[in-house]
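Here are my notes on the model, as numbered points. Have the structure open while you read.

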Amino acid sequence: MGIVQTVKNKFRKDPILKRRVIGIFVAHVIMGLAINLLRISLFGNDPFSCMQLGFSKFFNASYGTCVIIFNLIAIVPIFIIARRYIQFGTLVNMFLVGPIVDGWYALTLFIYPDVAYISFATRVALLIIGVIICCYGCSMYMVTNLGQGPYDALGWIIEEVSKKKIPFKYARIGIDTVATTTGFVLGSIVGAGTLIMALGTGPLVTFFNDYINRPLIYKR
């Protein structure tokens, strides 16, 4: 009870912290929904999800299981080299985003079991909605400033270890290329959704950062 009361007191004294913590959980629910929409659109997911769906198909395991195992492996070098990147949000990302995606997918199959027969127009709509929702969730995830998931932190760590000889943007391109290639080789779909999520979401995420999520979370 002492720990719970301490947390409650901290939230009362710092409402911004409360909104940041709520925001990190909301962000992962939204991102999980977006990943699911992109998955059933059959136009391909973001590079990380593309890789995890490939692992899922290859090992005959759920998406969530593959995400958790990958994160547990990836967190080891991060803990050794740059453990300051491991924060509260890192743990939320490690253990929640995968099961949340599985939950959304199970709900989708329960409501509409024949996802493989969705019309082309509906698939395009799911792609557009999925991209927009994913950008909003990613923006919320970023502006809470509570830490990054292992995959997102890898680019910054490569920049740091290389002493900026490999800038973050190039490190991230390399990581995403490896992830996408791995997913494709293992049978995951690589398509328009993959390309859009890898290269075309920056302006939309920035819009959500500046005009919606940052004012929402940090308002006084």
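**Notes on the helices and a few loop residues**

1. Asn-209 is buried, at a relative accessible area of 8% (buried means under 20%, exposed over 50%, partly exposed in between, with a 1.4 Å probe and protein chains only). Asn-209 sits in helix α10 (helices are DSSP runs of H or I, at least four residues, and strands are runs of E, at least two, numbered from the N terminus). Setting aside neighbours within four places in sequence, Asn-209 is in contact with Ser-139, Met-142, Val-143, Arg-214 and Pro-215 (contact means heavy atoms within 4.5 Å).

2. A word on the ground rules: this is a predicted model, where local features need pLDDT of at least 70 and side-chain atom pairs count only at pLDDT 80 or more, while totals for chains, interfaces and linings use all residues. Residues are numbered from 1 along each chain as its sequence is written, and side-chain values use heavy atoms, with hydrogens and water left out.

3. Arg-214 is also in helix α10, but Arg-214 counts as partly exposed, at 38% relative accessibility. Apart from neighbours within four places in sequence, Arg-214 has contacts with Val-143, Phe-208, Asn-209 and Lys-219. Check Met-140 too: Arg-214 and Met-140 are 74 residues apart in sequence, yet their C-alpha atoms are 7.9 Å apart in space.

4. How do α2 and α10 cross? The axes of α2 (residues 15–41) and α10 (residues 202–218) come within 8 Å and cross at roughly 135° (axes are lines fitted to C-alpha atoms, for helices over the stretch in contact, with angles from 0 to 180 degrees between N-to-C directions). That makes α2 oblique to α10 (under 35 degrees is roughly parallel, over 145 roughly antiparallel, 65 to 115 roughly perpendicular, and the rest oblique). Ile-16, Arg-19 and Arg-20 in α2 meet Leu-216, Ile-217 and Tyr-218 in α10. By type, the residues of this contact are 4 nonpolar, no polar and 2 charged (Ala, Val, Leu, Ile, Met, Phe, Trp, Tyr, Cys and Pro count as nonpolar, Asp, Glu, Lys and Arg as charged, and the others, Gly among them, as polar).

5. Now α4 (residues 63–82): its 20 residues reach 27 Å from first C-alpha to last, close to the expected 28 Å (the expected span is 1.5 Å times one less than the number of residues). There is still a kink of about 25° at Ile-75, shortly before the proline Pro-77 (the bend at a residue is the angle between axes fitted to the seven residues ending there and the seven starting there). The buried residues of α4 include Phe-70, Asn-71, Ala-74, Ile-75 and Ile-78. As a group, the buried residues of α4 pack against α2, α3 (47–59), α5 (88–111) and α7 (150–161).

6. On the α7 side, look at Ala-153, which lies in that helix and is buried at 2% relative accessible area. Ala-153 touches Ile-78, Tyr-85 and Gln-148, not counting residues up to four places away in sequence. The C-alpha atoms of Ala-153 and Tyr-85 are separated by 7.0 Å, though the two are 68 residues apart along the chain.

7. Last, some backbone angles to check. Asn-60, in the loop between α3 and α4, has a positive phi near 55° and is exposed at 73%. Lys-164, in the loop between α7 and α8 (168–185), has a positive phi near 70° and counts as exposed at 65%. Asn-145, which follows α6, has a positive phi near 55°.
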